[in-house]
Amino acid sequence: MPLKLIHNDISQMKTDAIVNAANVNLKQGSGVCGAIFEKAGTKQMTIVCQKLAPIKVGEAVMTPGFQLPAKYVIHAAGPIYKDGQHHEKELLENTYQNALKLAIKNNIHSISFPLISAGIYGYPKKEALDIAINTIANFLNEYDLDINIVMLDKEAVQLSEDLYHNIEHYIDTYYEETRDRLYESRSINVSPLMAKQEKNNKIKNWFFEESDDSYNSLEELIQEQHETFSEMLLRLIDERNLTDVEVYKKANIDRKLFSKIRSNKDYHPKKSTVEVILSSRQFK
């Protein structure tokens, strides 16, 4: 499944779970933590967190989401940045890993993270973003999850664009006073690059540019190619002398899901899965 970077308020995310950048005492703080407590219901969240506190840096615990759109909140305590010489990187990696393991243990299929420790805890944003992406990407090699990194800080969003210029971020008009709907500003997905192949130009346009009015759905585009998605994928793999491992790892999708697509020519994966495969580096 794809890893996405999103510009939004994490407390508005409708994934199965969201992650709270918590303190070790699980008390309501400022920033992301404060917003999550407030929108979940401060009294309810405080009561359940008191029963679970304290936790150690790098650990994670889970509570209900109460009044949040997300069903669960995973409270993960990231490190306070000192100078990079006090195991901050290892602790931050552990924070993401433990939150993800907790999600898998509780059958969570989609999860949204903030950029942990990059706020008042002082972790340099570039390093924090690198750690988040690398740790999550490694996890996605083994598990099938939809994962977002959600950033409200415009500086962090700009940094993500500068470092990963093919990442799409969605700007929620909750922060655009003159708008009343969600709009997309540019392209997304951490691992994939935008496809530029001429043979599949119409499909590329559907995913990443203005859609052709003559097509109403992804299915119509695939049908126009006179082959199923599985057949088209196999053709592209053969044309580029790729291996299955190269394709599913670079696209950050689960091996079992890829095998299902490859072995069943009539299997119809989700549109997001098709997007992330066709947009990956090997098909540019």
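Buried means under 20% relative accessible area. With that cut-off in hand, we can walk through this predicted model.

Q: What makes D9 buried?
A: The relative accessible area of D9 is 6%. The cut-off for buried is under 20%, so D9 is buried.

Q: Why is the pair of D9 and K39 called a salt bridge?
A: The closest N and O atoms of D9 and K39 are 2.5 Å apart. A salt bridge asks for a side-chain nitrogen of Lys or Arg within 4 Å of a carboxyl oxygen of Asp or Glu, so D9 and K39 qualify.

Q: Why is K39 called partly exposed?
A: K39 has a relative accessible area of 26%.

Q: What makes K89 and E93 partly exposed?
A: The relative accessible area is 48% for K89 and 22% for E93. Buried would need under 20% and exposed over 50%, so K89 and E93 are both partly exposed.

Q: How do you know that D130 and K126 form a salt bridge?
A: Their side chains meet at 3.1 Å, N to O. The limit is 4 Å, so D130 and K126 form a salt bridge. D130 and K126 both lie in helix α4 (residues 125-140), four residues apart. At a relative accessible area of 43%, K126 is partly exposed.

Q: Why does N20 count as buried, and what does N20 touch?
A: N20, placed in strand β2, has 0% relative accessibility. Buried means under 20%, so N20 counts as buried. Leaving aside residues up to four places away in sequence, N20 touches V32, C33, I36, F37, V73, I74, H75 and A76.

Q: How many aromatic pairs does a search of the whole structure find, and why is the pair of Y96 and F113 tilted?
A: The search finds three aromatic pairs. The ring centres of Y96 and F113 are 5.2 Å apart and their planes stand at 45°. Stacked needs planes under 30 degrees apart and edge-to-face over 60, so the pair is tilted. Y96 lies in helix α3 and F113 in strand β5 (residues 110-113), so the pair ties together parts that are 17 residues apart in sequence. Both Y96 and F113 are buried.

Q: What makes the pair of F139 and Y143 stacked?
A: The rings of F139 and Y143 have their planes at 25° and their centres 4.6 Å apart. Planes under 30 degrees apart count as stacked, so this pair is stacked.

Conventions: Residues are numbered from 1 along each chain as its sequence is written. This is a predicted model: local features need pLDDT of at least 70, side-chain atom pairs count only at pLDDT 80 or more; totals for chains, interfaces and linings use all residues. Side-chain values use heavy atoms; hydrogens and water are left out. Buried means under 20% relative accessible area, exposed over 50%, partly exposed in between (1.4 Å probe, protein chains only). Helices (H or I, at least four residues) and strands (E, at least two) are DSSP runs, numbered from the N terminus. Contact means heavy atoms within 4.5 Å. Rings of Phe, Tyr and Trp (its six-membered ring) pair if their centres lie within 6.5 Å; planes under 30 degrees apart count as stacked, over 60 as edge-to-face and the rest as tilted.
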